Amino acid sequence: MAEKVEVAQVPFMRVGEVAIHYRLCGNASRQPVVVAINSLGTDFRIWETVAEELAPHAAFLLYDKRGHGLSDLGALPQSIEDHAGDLERLLGALGIARVLLCGLSVGGLIALALHQRRPDLVAGVVFCDTAHRIGTAESWDARIAAVDAEGLAPLLDPVMERWFTPAYRVAENADYAGYRNMLARQSPQGYAATCAAIRDADYTQAARAITVPALCLVGDRDGATPPDVVRSLANLIPEAGFAVIADCGHLPCIEQPAALASHIRAFLAALTEGSSYV
Ligand SMILES: O=C(O)CC1=CCC(=O)O1
């Protein structure tokens with residue numbers, strides 16, 4: 001019989017040195033639990049539309065990684081392994097034994113790290129707008145220097161151009177204004193710490209060692225990890241599907257939630273039936 005996931009009564013959990021903000025939602029009787037892992041400068045609100053759309057079909061764990069949203073910053077410096085350790089401990093504390101990881105951008109690196117250290121937990125992975133290496137050391141050092149000097153303000157416009165298509169980035173779009181506010185209010189220390197973690201991460205070998213079904217998705221207009229970069233991740237993974245989401249930048253969970261939800265639903269169905277969605 002499938003293990004039952006209890007809906008949490010409290011929104012925070014201390015895991016090791018950090019208090020993590022999280023939410024369990026959706027259909028608690030479904031397995032595996034879909035775990036959404038956020039990108040740089042975002043919190044779990046970016047997944048709410050997808051989680052709502054899939055609520056009858058899946059249990060979801062949403063959480064803010066350290067240094068983001070309402071979660072603690074934790075000690076500095078920090079690494080992708082620290083983020084993966086937080087997630088491993090959060091799953092343990094919640095009694096979740098089997099997950100479908102949905103890693104967005106740096107969340108994909110965290111998914112690779114978690115699979116590497118705890119393959120027993122992972123039933124499958126959806127890699128969303130991510131890669132085994134993201135950006136260059138020089139680009140991350142420049143970003144960290146800018147944040148250290150002036151906070152998030154100088155980054156807002158360039159990041160918005162990578163996150164969203166021009167059609168989304170219009171003044172009348174209240175959602176656009178809201179997500180820009182989310183980035184503007186992000187903790188600069190948490191942001192810079194995660195930039196350094198991304199800079200120092202190379203999960204090429206971990207991608208080659210993925211042993212579970214995987215699906216690599218990317219927005220056709222992604223300005224941070226464009227389709228050819230995500231394709232290079234898919235090429236490393238022994239059995240991975242690859243699909244491009246139309247009219248979409250770096251964050252399909254915001255810009256094209258219905259398309260993303262439909263991919264996740266089909267991938268989840270194939271996983272539970274033991275068939276292939278590649
Ligand atoms: O901010 C960006 O450029 C997009 C991004 C890169 C890694 C991540 O998580 O988001």
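The model shown here is predicted.

**View 1. The largest pocket has a lining of four nonpolar, 10 polar and five charged residues.** This pocket holds about 310 Å³ of space. Its lining takes in 19 residues, and Asp43, Arg45, Gly69, Met182 and Arg185 are the ones closest to the centre.

**View 2. The second largest pocket comes in at about 260 Å³.** Here, too, you'll find 19 lining residues, with Leu40, Trp140, Arg143, Arg162 and Ala224 closest to the centre. Three helices, α4 (137-150), α5 (156-163) and α7 (188-199), each give two or more residues to this lining. Sorted by class, the lining of the second largest pocket splits into 10 nonpolar, seven polar and two charged residues.

**View 3. The ligand sits among a set of residues that includes Ser39, Leu40, Ser105, Val106 and His250.** Also around the ligand are Trp140, Arg143, Val159, Arg162, Tyr191, Ile198 and Ala224. At Leu40, a polar backbone atom is 2.8 Å from a ligand oxygen. At Val106, the distance from a backbone N or O atom to an oxygen of the ligand is 3.0 Å. His250 uses its side chain instead, with an N or O atom 3.5 Å from a ligand oxygen.

**View 4. Ser105 has a positive phi, near 55°, and isn't a glycine.** Most residues other than glycine have a negative phi. Look for Ser105 in the loop between β5 (99-104) and α3 (106-117). Ser105 is also one of the residues around the ligand.

**View 5. Two cis peptide bonds can be picked out, one between Gln31 and Pro32 and one between Leu76 and Pro77.** Most peptide bonds are trans. Omega is about -10° for the Gln31 to Pro32 bond, and it is about -10° for Leu76 to Pro77 as well. Pro32 belongs to the loop between β2 (18-26) and β3 (33-37), while Pro77 falls in the loop between β4 (59-63) and α2 (80-94).

**View 6. Residues 32-257 carry the UniProt feature "domain: AB hydrolase-1", taken from an unreviewed entry.** Across this stretch, the chain is 43% helix and 15% strand.

Note on methods. Residues numbered from 1 in each chain as written. Predicted model: local features only at pLDDT ≥ 70, side-chain atom pairs only at ≥ 80, totals over all residues. Heavy atoms only, no water. UniProt positions renumbered as here; feature names shortened; annotations may be inferred. Helix = DSSP H or I, 4+ residues; strand = E, 2+ residues; numbered from the N terminus. 1 Å grid on protein atoms, 1.4 Å probe; cavity = no way out; pocket = protein on both sides within 12 Å on 5 of 7 lines; lining within 4 Å. Points joined across faces, edges and corners; volume = space filled by probe spheres on them. Nonpolar A, V, L, I, M, F, W, Y, C, P; charged D, E, K, R; others polar. Near = heavy atom within 4 Å. Polar contact = N/O pair within 3.5 Å; in protein donor to acceptor, adjacent residues only side chain to side chain.
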